[in-house]
Amino acid sequence: MADPKRKDILAVVDAVRTLEGEGMVVRRAFPTARVDMVDPFLLLDEMGPQDYAPGEAKGAPDHPHRGFEAVTYILDGVGEHEDSEGNHGFIGPGDVQWMTAGSGVIHSEMPSRDIRERGGRMHGFQLWVNLAAADKMSTPRYQDLRASTIPVVERDGARVRVIAGEFDGVGGPVTTHSPINYLHVSAAPGADLTVEVPEGHNAFAYVFAGELTLPSQVGDGQMAVFGAGGNRVDMSATSGADEETEVLLLSGRPLSEPVARYGPFVMNTRAEIAEAVEDYRNGRLGVIRR
Ligand code: MN
């Protein structure tokens with residue numbers, strides 16, 4: 001058997017602090033001036049961690065999406081979600097909402113009413129996953145995954161939550177349109193972990209606590225982007241650190257299609273973007289009934 005090949009790091013970039021929605025503070029790993037996308041991934045935002053005073057919590061009120069998937073992973077706090085399909089629910093610590101916007105939805109993503117009124121901490125992630133041309137106009141779909149349904153694998157001083165795809169033969173609960181691995185790794189100081197990545201996948205690692213050697217150093221708020229070659233990532237959590245290293249490791253088979261993006265719409269052509277804007281303006285993406 002051929003020796004497994006370690007994936008090369010193309011770049012290590014800093015996330016950029018920015019505001020989203022009505023003024024929610026996020027660290028945006030991409031898109032930035034340095035990294036436009038990591039096909040099939042279009043965006044990664046770390047929301048917070050932010051401690052809100054009563055009446056101060058910010059979210060993203062009613063807005064549309066078409067042509068991709070928006071994936072919310074909450075670590076702290078509770079998110080409240082409503083949409084034009086009539087869904088209304090809450091996403092708590094460790095929960096994931098995998099929303100396929102497909103042909104289009106209008107939704108609202110807010111801290112829970114309790115946190116808006118009394119204050120509290122919010123921390124989580126939003127990931128955008130592109131859909132292939134054939135899936136862009138599919139029927140909107142939700143996969144609501146409670147923390148208890150997400151498998152946790154303990155190995156070599158690390159705890160790996162398998163949100164999508166596979167780690168060590170353990171599969172995550174999400175059904176994806178194209179092959180994707182979404183892993184949350186919590187590594188004790190000094191832990192060494194090898195993660196197999198399918199041949200041909202693009203991949204990135206986003207560190208949000210502690211530090212990793214990959215072998216380049218990647219610290220809190222930084223992302224390492226890997227090349228498509230190779231089939232494994234070797235992670236070492238920096239020895240002597242007094243906290244766990246927290247990292248999201250994502251990989252996916254590139255769609256390799258043209259991308260036309262305009263705000264909340266991601267299609268293949270500018271004509272399709274114009275159509276999405278027109279459909280939204282004419283109310284064809286629906287309304288949230290309250
Ligand atoms: Mn949204």
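Author: Happy to. One term before we start: a donor here is an N, O or S atom within 2.8 Å of the metal, and since water is not among the atoms, sites may look incomplete. Also keep in mind that this is a predicted model.

Reader: Good to know. So which residues coordinate the manganese ion?

Author: H63, H65 and H107 each use NE2, and E109 uses OE, at 2.1 to 2.2 Å.

Reader: How are those donor residues spaced in sequence?

Author: The pattern is H-x1-H-x41-H-x1-E. H63 sits in strand β5 (residues 60-65) and H107 in strand β10 (residues 105-111), 44 residues apart, so that pair links distant parts of the chain.

Reader: And H63 and H107 themselves, buried or exposed?

Author: H63 counts as buried at 16% relative accessibility, and H107 counts as buried at 1%. The cut-off for buried is under 20%.

Reader: How accessible are R290 and D62?

Author: R290 counts as exposed at 62% relative accessibility, while D62 counts as partly exposed at 40%.

Reader: How many salt bridges does the count come to?

Author: The count comes to 18. One of them joins the side chains of D95 and R146, at 2.5 Å from N to O. D95 lies in the loop between β8 (88-91) and β9, and R146 in the loop between β12 (141-145) and β13 (152-155), so the pair ties together parts 51 residues apart in sequence.

Reader: Is D95 buried or exposed? And what about R146?

Author: D95 is buried, with a relative accessible area of 8%. R146 is partly exposed, at 39%.

Reader: Which residues do salt bridges with shared partners join into one network?

Author: They join R6, R232 and D234. R6 is in the segment before β1 (9-14) and D234 is in strand β23 (residues 232-237), 228 residues apart. R6 counts as partly exposed at 40% relative accessibility, and D234 counts as buried at 18%.

Reader: Changing topic, can you tell me about helix α2? What does it reach from its first C-alpha to its last?

Author: Helix α2 covers residues 270-281, twelve residues in total, and reaches 17 Å, close to the 16 Å expected at 1.5 Å a residue.

Reader: Which residues of α2 are buried?

Author: I273, A276, V277 and D279 are buried. They cover an arc of only 165 degrees around the axis, which puts them on the same side of α2.

Reader: Why would residues along a helix point the same way?

Author: An α-helix has 3.6 residues a turn, so residues three or four places apart point the same way.

Reader: What do the buried residues of α2 pack against, and which residues are exposed on the other side?

Author: The buried residues pack against β25 (260-262) and β26 (265-267). On the other side of α2, A271 and R281 are exposed.

Reader: And what follows α2?

Author: α2 is followed by G283, whose phi is positive, near 75 degrees.

Reader: I also clicked on S103. Where is it, and what does it touch?

Author: S103 is in the loop between β9 (96-100) and β10, and is partly exposed with a relative accessible area of 22%. Leaving out residues up to four places away in sequence, S103 touches R66, K136, M137, S138, P140 and L285. The C-alpha atoms of S103 and L285 are separated by 8.1 Å, though these residues are 182 apart along the chain.

Reader: Last one, D45: where is it, and which side chain does it join in a polar contact?

Author: D45 is in strand β4 (residues 41-52) and counts as buried at 4% relative accessibility. A polar contact of 2.7 Å joins the side chains of D45 and R28. Not counting residues up to four places away in sequence, D45 touches several residues, including E20, V26, G124 and F125.

Note on methods. Residues are numbered from 1 along each chain as its sequence is written. This is a predicted model: local features need pLDDT of at least 70, side-chain atom pairs count only at pLDDT 80 or more; totals for chains, interfaces and linings use all residues. Side-chain values use heavy atoms; hydrogens and water are left out. Donors are N, O and S atoms within 2.8 Å of the metal (3.2 Å for Na, K and Ca); water is not among the atoms, so sites may look incomplete. Helices (H or I, at least four residues) and strands (E, at least two) are DSSP runs, numbered from the N terminus. Buried means under 20% relative accessible area, exposed over 50%, partly exposed in between (1.4 Å probe, protein chains only). The expected span of a helix is 1.5 Å times one less than its number of residues. The arc is that of the directions from the helix axis to the C-beta atoms. Contact means heavy atoms within 4.5 Å. A polar contact is a pair of N or O atoms within 3.5 Å; within protein, one must be able to donate a hydrogen and the other to accept it, and residues adjacent in sequence count only if both atoms are side-chain atoms. A salt bridge is a side-chain nitrogen of Lys or Arg within 4 Å of a carboxyl oxygen of Asp or Glu.
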